[in-house]
Amino acid sequence: MKWISSSLTNKVAIVVAIAVTICLAALSTVNYFNAKYNTIKLMNQSKVMALKTSMSLVSSFFRVREGAVAKVAEEIGKQEAWKDDELMARMITQYFPLAFADALLIGVAQDGRMLITNPLANNAPVLMTKEKDNFDARTREWYKAAVEKKRPGFSKPYADITTGKITITAFAPIIRNGEVLAVVGADIYLEHFQQELAGIHFGKSVSTMALDTENRIIIHPEPDKIMSKDAVVMEMVAKIVHGFQENPENPVIHTTPDGIKRVSFCQQDEINQWKVCTSYVADGYKELLYNDLIRVQLPVALTVLVAAILAIFIATK
């Protein structure tokens, strides 16, 4: 009778141990998926915060320059400097250091002549005319945009005629009685903007890219990708844009022309309507996820293992 009682006790202990093991295993499974969801959510939030930091820099960079060129236009307008080439030259030389730009210029509505600080000649002012240089400022995109908008703004990116560098022009029209009499512009080489973005360190294998309103790459850590018309590059851009348009809140997974899978988070800036994206190597993203899950799951897994060993130990008694 005593043997039967002992055997029954062992069986009950085994059943209890197995039930506890199963419950812990189920709990571990539920905990795994909850931990995975929360980890991905937290990781995405951290990436979005990093992107917001980039967007803050983008906004600050352009608002400062837009405000600076508007102030220069205001001062030049007070002096009516567009009427006198010598006065124009003195004023753009004086205000050039305050414009936060690579070149400062004035285009005149009367005849299309332009005075510009020449970055290749120690920023000395140079006069360009239709007769001498076959140049008419009124035909330039930045001038036409200023006439159309009648307020400060930015041109689309283009190749600078002097240096060949990818450039945008901050502009501010000088208006009298509703008529644009001149346009002050400040050329900004985007390579400098790239350097400022690169100065923000988000971690290993993280890069920042910007697309203009025509979805051309205008900022990229690899210069050969900028303004590239390569079919593979354009396919990558199209996938990023499509993913962003489908759901701006979610990251876009894509493959680079080098065959590297990356995860990109994008936002659209309010000033130029550019899409700015921070991009992470997918393998590094998975590694972070794996490490976080191991940290969360390891104690639960060890508990299940101990319960399983205990059940086996009881069963052999």
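**Sheet, helices and rings**

Modeller: Helix α5 (residues 190–198) lies across β8 and β9, at about 65° to β9. Lying across involves contact, meaning heavy atoms within 4.5 Å. Angles run from 0 to 180 degrees between N-to-C directions, with axes fitted to C-alpha atoms, for helices over the stretch in contact. Helices (H or I, at least four residues) and strands (E, at least two) are DSSP runs, numbered from the N terminus.

Biologist: What kind of model is it, and how are residues numbered?

Modeller: It is a predicted model, where local features need pLDDT of at least 70, side-chain atom pairs count only at pLDDT 80 or more, and totals for chains, interfaces and linings use all residues. Residues are numbered from 1 along each chain as its sequence is written, and side-chain values use heavy atoms, leaving out hydrogens and water.

Biologist: Nice. What is the strand order in the open sheet?

Modeller: The order is β9-β8-β12-β11-β10, five strands with antiparallel pairing; strands pair if DSSP finds at least two bridges between them. The edge strands are β9 (217–219) and β10 (252–255).

Biologist: And which residue stands opposite A210?

Modeller: I219, in β9.

Biologist: Switching to rings: how many aromatic pairs are there?

Modeller: Seven, counting Phe, Tyr and Trp (its six-membered ring) with centres within 6.5 Å; planes under 30 degrees apart are stacked, over 60 edge-to-face, the rest tilted. F61 and F62 have ring centres 5.1 Å apart and planes at 80°, so this pair is edge-to-face.

Biologist: Are those two buried or exposed?

Modeller: Both F61 and F62 are buried (under 20% relative accessible area; exposed is over 50%, partly exposed in between, with a 1.4 Å probe and protein chains only).
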